[in-house]
Amino acid sequence: DGWIGTVPGWESMTLPNMLVDPNMREVAMAVVWTGLLSTSLNFFLEVFALGAVPSGEASVILASEPLWAAAFASVLLGEEFGWNDYTGGLLIVSACIVNSLQVSDFQKLFSKSKED
């Protein structure tokens, strides 16, 4: 049925054996790269950096992460977006703007509209 452990030679598919098997070395290095640098180092640096900013700013930074990923995908990979992508991006930017405003900003906004 193709499940690991049922096919002869499945032992070479485990990480320690991948590092030894010359045919699987490229796959093993991709797994190590993804695990250590792309995931662990990124998470460590993100937590370290976000610890230095106030929680309100950290939430804006984290909420805008999909926008940065989409921007880099567009620039580096030529990714194209549909209307639902732009709508989602607009909602994220709107939420970030609302989150960064103070209560006094809303009071000023609504007091001007009542005077008119």
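Predicted model: local features only at pLDDT ≥ 70, side-chain atom pairs only at ≥ 80, totals over all residues.
Local features need pLDDT of at least 70, side-chain atom pairs count only at pLDDT 80 or more, and totals for chains, interfaces and linings use all residues. Residues are numbered from 1 along each chain as its sequence is written, and side-chain values use heavy atoms, without hydrogens and water.

The protein chain has a mean pLDDT (the predictor's confidence in each residue, from 0 to 100) of 82. In this chain, 84% of residues reach 70 or more. Confidence is highest in helix 4, at a mean of 92, and lowest in helix 6 (residues 103–115), at 73. Helices are DSSP runs (H or I, at least four residues), numbered from the N terminus.

Helix 3 (residues 55–63) packs against helix 5 at an angle of about 175°. Their axes, lines fitted to C-alpha atoms over the stretch in contact, lie 10 Å apart. Angles run from 0 to 180 degrees between N-to-C directions. The two helices are therefore roughly antiparallel (over 145 degrees). Gly-56, Ser-59, Val-60 and Ala-63 of helix 3 meet Ile-92, Cys-96 and Asn-99 of helix 5 (contact: heavy atoms within 4.5 Å). Four of these residues are nonpolar, three are polar and none is charged. Here Ala, Val, Leu, Ile, Met, Phe, Trp, Tyr, Cys and Pro count as nonpolar, Asp, Glu, Lys and Arg as charged, and the others, Gly among them, as polar.

Pro-66, Leu-67, Ala-70, Ala-71, Phe-81, Asp-85, Tyr-86, Gly-88 and Gly-89 line the largest pocket. Helix 4 (65–77) and helix 5 (83–100) each give two or more residues to this lining. A pocket is an open set of points on a 1 Å grid over the protein atoms alone, where a 1.4 Å probe fits, with protein on both sides within 12 Å along at least five of seven lines; lining residues have an atom within 4 Å of a point. The lining holds six nonpolar residues, two polar and one charged.

Definitions and conventions. Parallel < 35°, antiparallel > 145°, perpendicular 65-115°, else oblique.
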